Structures are given as structure tokens and as C-alpha cells.
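Please look through the structure shown here.

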Amino acid sequence: MPSLSKSNVPQFSVDVYQNEFLPEGGREVNAIVTVTATGGGTSGGRPLPGGGATAGVVVMVDCSGSMEYPPTKMRNAREATAVAIDTLRDGVSFAVVAGTHVAREVYPGGGRMAVADAATRAQAKQALRKLTGGGGTAIGTWLRLAEQLLSSADVSIRHGILLTDGRNEHEKPEDLRAALDLCAGRFTCDARGVGTDWEVKELTGIASALLGSADIVADPAGLAEDFRSMMENAMGKEVADVALRLWSPQGAETVFVKQVAPTVEDLTARRTEVGPLTGDYPTGSWGDESRDYHVCVRVRPAALRQEMLAARVSLVLPQPDGTVQVLGQGLVRAVWTDDMAASTRISPQVAHYTGQAELAQVIQQGLEARKAGDLDSATAKLGRAVQLASASGNEDTAKLLAKVVDVVDAASGTVRLKSKVTDTDERTLETRSTKTVRVKK
Amino acid sequence: MPPLPESAQSAPPQAAPAAAPTQARTADPATGTAARPAAAEAGAAGAEGATGAAGAAGGRLTACPGCGEPHDPEDRFCGACGTDLAAPPPAAPPPPAPAQPAPGPVAPAPAEAADPADTGSFHLAPPRPGGDETLPLGFSARLSDPGEGEEGADDRAGEAGGSEEAESQTAELRGGRGQVCVACGLGGVDADGYCEHCGHAQPRQRDHQEKELEGVAAVSDRGLRHHRNEDAFALAAASLPDGSAAVAAVVCDGVSTAHRPDDASAAAAAAGSESLLAALEGGAAADEAMRGALMAAFEAVTALAEEARPRTAVPRHNAPACTYVSAVATGPVFTVGWIGDSRAYWVPDDRALPAARLTEDDSWAARMVAAGLMAEAEAYADERAHAITGWLGADAVEVDPHVAAFQPDGPGVIVVCTDGLWNYAESPAEMAEAVPADARTRPLAAARALLGVALDGGGHDNVTVAVLPFPATVARAGTTPA
Ligand SMILES: [Zn+2]
Ligand SMILES: [Zn+2]
């Protein structure tokens, strides 16, 4: 039972969509769990009387040598960072980090964060003028510095904004991995790639580990608007460190737990056991927003007409005393029946998101096959992607696909690979492959 | 005073515009209206006991997998904990009932009965006798789902040989706190009624309920597709001021798209039967008492809407709402009252005589047919067919109780039921075929058999049916009804 006495913790509602009917001996239970947070996001990150959520944001700007080619790239990055700083509301803690093969504090310095007001915003923008390109790229060092700065401030919402234009060439992949492991759960981070030299999997890996978004900024001129919206989004967060808690009965096995909207994010491997039948999956911070999760559990079958609770899905917020506050919960049920019409029906929500997850997967597989020169496989996978995007009404993804393949017949998934595809179009499709649409009403 | 339905040929109570407000009942479309044989259900065989579980006296006992209570192999449900006794072996059909001498001369079907399937062997009741002699006599009304404790005693009243262990475990189950799972015996039970260890749903009191008073019986079941039972019933008997008996049944179906449908039906059944019997006992005429009962039920459901909603209540939900149908036998007459699409049927003992449907649904399909806008087949095939246009609840636009009185020429039973049953035996002929021949003398067995018909048909909805023998078979005044 939610107990939502705190002034600005959003109200969480949990809706479960499933077909609970299983045939005799059936084991696998699928459900889409829609979590909607409302009522938060109204203070815009301002400190609330009585101690509400306070936000801290660190902007990490790539200042490697490649950022000067073309020179507009560095200029756009400076301008975008300035816009992000202008978007900061009074009272929000912030810092700017210049990233090369090492991380350097640009503002305010001294291992601290500044508190936004008219004076600090002006000083920060002044400091940005000193940003120039030169040096390599070691993103792990940037993240470690952001973590130190954020943990020095007394804030409850901790967020990073990271901009890069190149590969993480000046540290080993395991160094970045170790930095991500350190930072996961300490702050959330959005990652943006500018230009065409950065590695898609590196960028999406950072955003995924730190529960933020990844995207391409194809046109550097669009960077400022993107930074402004990322900053607004960060300041709209009202509660951090929310976990999705899954209980399932003795003898059950969790097949997977995926976020499926707004993007596909497989959380299965990120479970933390909190009891013999219970595990937590991180969801990061929440403002006014709605996300969908696909939960699949395999239970021990019971007799016909019996009913079982296959999973209890709750959103929990850890408390300083070690307990958790339950923000909302939903029940996933299983009922065994010999009514074939009931047990063979597939929940429209489950079917839809199974399709969206497959869409993301076949895009990635298709692009990999294309890069590897396996054109038959690429055509088949991307054809399937066109079919899925069309059938589910995922128009944004359909448009991106149409820049990589010529669509002969979307309904049957008949496509031809385009002979010339721009690097930008290809990496845009790859970066955004996990974006989903919700079930059409 | 609303018109009395004489037969299917007469005008329905209301011919309302199609734009009338409706409440969607359930996602399940209406299914099968084909005639079904009156299946010899497991429960139909061993139903001599006064209450739910059959006497556990024979040598064929097996133990309930849920609570260990012994039960007859033919029982569909455990009488102690309500556990579904899965896949009972097919039972022998019940022995043929001894021929019942008709208590009075059986009149031939009225000549104006053009369609024998739709017109019963009864006449409308004569004007009620005047004169209100007030003779306060014994009154007993028993509700379908009274408070805990009392219920437990009732449920086990007919059982023999329940071990102390089983008793105490059952008591724990009913106690709320400190429950232990009936499936694994290890886990506690969470607030939602599931085992915290193995996840099995614990038997809910309302999943399957049976009740029998002298002269009337009822069964209510969750069905095969819904996760809880939102139907409710009440049985009641009283002595009238003139010393004769009145026996009543009330059946209500919670509107599942509304808030707290199970509470709505329970409140309506309890308030309605209480009001009905109190009014009759006080000397009110049956039709007035029936109308008053419907209004009392309406007020009870409306009051639920005014109770503080939990903060978690989904705001889009409608106020609690339910249907209501009731029949009361008083002397040579019985009176039916209803709102919504729960129904009453008349099934005469003499199956050569036609059975009849006694109620007109407050439903979208019935209104379309009544208004002449659609053919019956077309209307009932529409997905809106089962949307109801009349109900009890705070959101009701107007409450227009329908009341009709009947005077059959011979003995028979009144079947009072929710759509969870009549979806599988829609026409009077189908319902008559489903009602066992000995229904009047063994009403509980008949109610169980009718439940079996609904479950065999798919059990798509909650199923509730009361079987009310006519004339009332209650002992005369002076003795307290059961
Ligand atoms: Zn039992
Ligand atoms: Zn258990």
C-alpha cells in the first residue's frame, strides 16, 4: 500500500496487462507492467521547504583534439553547454568538466560544485571560453570525476550529461567498464555523440549502465536544443534510486525483466537479490513520466482452475534506515484452464512489446550483418524490421530504416539494401533502434 | 406501477432510446445459447445435507488437498475451505425422484399462450387481499455472506468427522492474521490472499458458496474465468401476519467495470432481503415489499460510493453498482422484482407445461429489440448486447424497479439467477431442460446442477442461482424457519 506522505515524491501507479490463463501444465507467464509517476516534477529542481529533492548536474564536454575538426564542433559544444547552464534553475548544483585523456574541472573547480544563481551561471559561461580541443579520449576518467563532484554535494538527484565525438581510445575497455561499475547507482547520465567517429555501442553502453538516454546529434547546430531539453529533463526528476522489486514464488524462475518503453533496456542481469524470492532491478530517477516493463517468469504449474500469484511487481525507494518505501505495486497472476480460447489468447500489450523488442534486435543484427558483408542476412533482418515497424506504427524507426533500405513492401517486409548509406543515417538508426512506441488504442 | 410481463409477446417494461446510458458488464461476449443437457453434475448426487458439504459418512471419503478435510468423492468443492477438488470422477446420475403428488389441480396452459416455450402455466396474481392484520411472528433472514465466525459454523454444520486439526487450520484461515497457505503449508498469506511462499491463491470465502433454508437453496461460484466472485445472494424466510410462510431469494451481480463490485452485490442482497422480509412480516403487500426492497438495496449500494475511497482507488472507476433480482413466494402467489439483467424463470414440475422467463432485461440488446430497432439475433450478437441500462448504484440515472406477481396453476420452481447461468440456458425451454426433474424437492441439488451446466458451458462469468420451490414448502406459522 503506497504511503506517499513526502511532499514531492511522485505518486506511482502500476497497471498490469496480461493474459493470466495458462493451459494445463503451462509455465510461462508474461505481463506488461506500466508504471506512471505523477505529481512530482513540479518544483523544477528547486529546493523545497521541508527538504524535497535537490538536483546536481555535471556536464562533461569532450575536448579532445578531434573536436577542433571542423572548428564548428567545439564552438557548438561550448554554445550548447552555455544553453544548458542558462537552463539551470536557481539552487541546482552544477559543474562543468572538460574531458580528454584526463578529466579537468572547468567550473567551479576545487573539487566542488557551484549552486546556480545569476552570478554562478555568468561565471560558468565565462569559463567555457577557455575550452579548446587537444588531447585524447578516456571517458572513464570523466565519469570518475563527475562521480566525485556529485558525491561532494548534498543533492538527492544526481545526473550527468556527457558529450563525445570520438572513440574511447586512451584507456582500456575494462577501465571504462570499471568506471561504469563504480558510477552505476551513484548518478544517472545521458550520453550524446556528435560527428561520425564515436562508437555506437560505447555510447549506448554508457547510457544503459547509468540509466540515461543515448542519442546522436547529427547536426552540431542541434546540440544547444538537445542540451536544453536534457537539462530540463534532469531537473524534472523528483525521486532517485527507485528500484523495481520483483517477487515470484518458490520454484519460479525469472526469464527476463525488460524496460520496453520508452526504450528497450534489458534489466535481467542487473538484479540484486534482496531475499530468497525477491530481487531489485534499478530504474534510476523519475519525474512525471510513464515507463513500461515486460516481465516474464516461469512458474511451477498448478492444477486446472488453480490460481497463483506469478509475480508481485513493486516500485520501491530505499530509506536511510535500510527499509524501503513502497511507491506502488501490481500483481501478475496465473490461472490454469482447459478453455483453449482463453489460454491461447495473447495479451495485445505483450504481443506489441515482444514485437518492439524484436524490432530493436533485428535492426542491430541487420546492421552488423551489413557491416560484415553478409548482405542476405542483412536484407532479411532489416526487412523484418521494416515489417515490425510498419505493423506496430513505429513511424520514427520506419523513417530511419527507409534511409538504409529501399522498402518494396512494408507489410511483407520486402526490402532492398541501399547501395549508398551515409554514416550518419546508419549510426542514427543503430543508436535509436531501441526506441519503442506504445500500444495504439 | 410498471407493467407486468405476461409473456414474451407483451411489451417490455421500457422501450428506451438506444442512447440510454449503459454500463459495460464484462469483456466476455455472450456465448452459447444452445440447449444443454442437464448434466448430471458431481454436486447433484450427494446433496441431501442441509448445507454445503455433503455428509461425510460413507466409506468413499477422500481428503481435501487444501485442508485435509474429508469429503465425498463427488464433491466439486471442499465444504470446509472451499478448495476446488479438481477433476472429480464422473458421478452416477441422481436417482429418479419419486413422483410428487401435485398439491393442487394443475390447470392447463392458458389458451392465449401462442408460444408454449415462452409462456408459463400461470396467471397474473389477483389483486392483493386487503386488510393488514399485524401479527408479529418469528422472523429469520440469513444472508449469503455474514460476518466471519458465524459463517464458519454454518459451513461445517452438516459435516461429520472433521478432525480437530482440520478444524483449527480452517479457523486459522478464516482468522485473517497468522494464516498458513493451504497449498504448501509453509508460507504466510499476504494481504492480497496469495501465499508468500508458493504464490497459490488462498480460497476466498465467496469463491464458492452454498446455502439452503427450508424451502429454498442457492449456489454462487466464481466460475472459470474470473478471479473473484462479484455475485452475491441472500435467502430468507418469514412468517406472515396471517400465519402463512414467505420464502425469498435475492441474487445480485456486481458490475465489474465499477469500483468494488463484490461489495455492491453483497450490500444489495443483504439490504434487499432484510427489507423485504421485514416489510412482509409487518403486513405489507408483496409487491410493495418488493419495491421497497429494491429501493433499500439501491440505498445500500449508493452508500458504498459515499464511503471514503482508498487513495489507491483508480479515479476512472464508476461508483459501485450491481443488478438485483428477487422472488418471494407468499401463499398462492409469487412476486418477482428486478433491475438489470439478472433473471427469474418459472419451471413447472409438469414438463409438458411450458416454462417461462419472468423478467425483462435492462440491457442494451433487450432495449434495441423492444424498440423494434434490431432483430433479436442481431441485437444479441452485438458486442454491446450485455451492456446494462438499469442498475443499482450512485451512478444510476434513475432507479426504476420492475415488479411483477404471478399465480401458477401448479407446482414448480422459480429459478433466480445471474447471466453467468442464463448465458448457457437462455430460453425458458433450455432452462427447463437444465433444471433437474426433482428440483422442487431437492432445490440445493438443482442449484448445483445448474451451476454445473454453466461451468461445463465454459464458466465465463460468475454464476449464481437460487432455486425457490413453489408453493412454499416451509412449515406453517409457529415454527421458526431454518
Ligand atoms: Zn479443504
Ligand atoms: Zn503456499
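Q: Why does Arg305(A) count as buried?
A: Its relative accessibility is 15%. Buried means under 20%, so Arg305(A) qualifies. This model is predicted.

Q: Where is Arg305(A) found, and what is its phi?
A: Arg305(A) is in the loop between β16 (289–298) and β17 (307–318) of chain A. Its phi is positive, about 75°, although Arg305(A) is not a glycine.

Q: Why is Leu211(A) called partly exposed?
A: Leu211(A) has a relative accessible area of 28%.

Q: Where is Leu211(A), and what is its phi?
A: Leu211(A) is in the loop between α5 (200–209) and β10 (214–217) of chain A. Phi is near 55°, a positive value in a residue other than glycine.

Q: What makes Glu20(A) buried?
A: A relative accessible area of 14%. The cut-off is under 20%, so Glu20(A) is buried. Glu20(A) is in the loop between β1 (11–17) and β2 (21–22) of chain A.

Q: Which residues does Glu20(A) touch, not counting residues up to four places away in sequence?
A: Arg333(A), Ala334(A) and Val335(A). Touching here means heavy atoms within 4.5 Å.

Q: How many helices and strands does chain A have, and what share of its residues count as buried?
A: Chain A has 11 helices and 20 strands. Of its 441 residues, 54% count as buried.

Q: What share of the chain A contacts between residues at least 6 apart in sequence join residues at least 24 apart?
A: The share is 75%.

Q: Which peptide bond joins Tyr107(A) and Pro108(A)?
A: A cis peptide bond, with omega about -10°. Pro108(A) is in the loop between β6 (103–107) and β7 (114–115) of chain A.

Q: What is omega for the cis peptide bond from Phe470(B) to Pro471(B)?
A: Omega is near 0°. Pro471(B) lies in the segment after β17 (463–470) of chain B.

Q: What makes the arrangement around the zinc ion (ligand 2) tetrahedral?
A: The four donor atoms subtend angles of 106 to 114°. Tetrahedral requires all angles between 85 and 135 degrees, so the arrangement passes. The ideal tetrahedral angle is 109.5 degrees.

Q: Which protein atoms are the donors of the zinc ion (ligand 2)?
A: The SG atoms of Cys181(B), Cys184(B), Cys195(B) and Cys198(B). They lie 2.2 to 2.3 Å from the zinc ion, and the donor cut-off is within 2.8 Å. In sequence the donor residues are spaced C-x2-C-x10-C-x2-C.

Q: Why do Cys181(B) and Cys184(B) carry the labels they do?
A: Cys181(B) has a relative accessible area of 1%, under 20%, so it is buried. Cys184(B) has 26%, between 20% and 50%, so it counts as partly exposed.

Q: How do you know that the length of helix α10 of chain B agrees with its residue count?
A: The helix has 14 residues, 443–456. At 1.5 Å a residue they should span 20 Å. The end C-alpha atoms are 20 Å apart, which agrees.

Q: Why is α10(B) described as largely enclosed by the rest of the structure?
A: Because 13 of its 14 residues are buried. Just after α10(B), Gly458(B) takes a positive phi of about 135°.

Q: Why does Val247(B) count as buried?
A: Its relative accessibility is 1%, against a cut-off of under 20%, so Val247(B) is buried. Val247(B) is found in strand β8 (residues 245–253) of chain B. Val247(B) and Pro469(B) are 222 residues apart in sequence, and 9.1 Å apart in space, C-alpha to C-alpha.

Q: What makes the pair Glu307(A) and Arg222(B) a salt bridge?
A: The closest N and O atoms are 3.2 Å apart. The cut-off is within 4 Å, so the pair counts. The count between chain B and chain A is four salt bridges.

Q: What area is buried between chain B and chain A, and how many residues does each give to the contact?
A: About 2000 Å² is buried, of which carbon and sulfur atoms give 44%. The contact takes 25 residues from chain B and 25 residues from chain A.

Conventions
Residues are numbered from 1 along each chain as its sequence is written. Chains are lettered from A and ligands numbered from 1 in the order in which they are written. This is a predicted model: local features need pLDDT of at least 70, side-chain atom pairs count only at pLDDT 80 or more; totals for chains, interfaces and linings use all residues. Side-chain values use heavy atoms; hydrogens and water are left out. Helices (H or I, at least four residues) and strands (E, at least two) are DSSP runs, numbered from the N terminus. The expected span of a helix is 1.5 Å times one less than its number of residues. Buried means under 20% relative accessible area, exposed over 50%, partly exposed in between (1.4 Å probe, protein chains only). Donors are N, O and S atoms within 2.8 Å of the metal (3.2 Å for Na, K and Ca); water is not among the atoms, so sites may look incomplete. Four donors count as tetrahedral if all angles lie between 85 and 135 degrees; four count as square planar and six as octahedral if opposite donors are over 155 degrees apart and all others between 65 and 115; anything else is irregular. Buried area is the accessible area (1.4 Å probe) that two parts lose on being put together, summed over both. A salt bridge is a side-chain nitrogen of Lys or Arg within 4 Å of a carboxyl oxygen of Asp or Glu.
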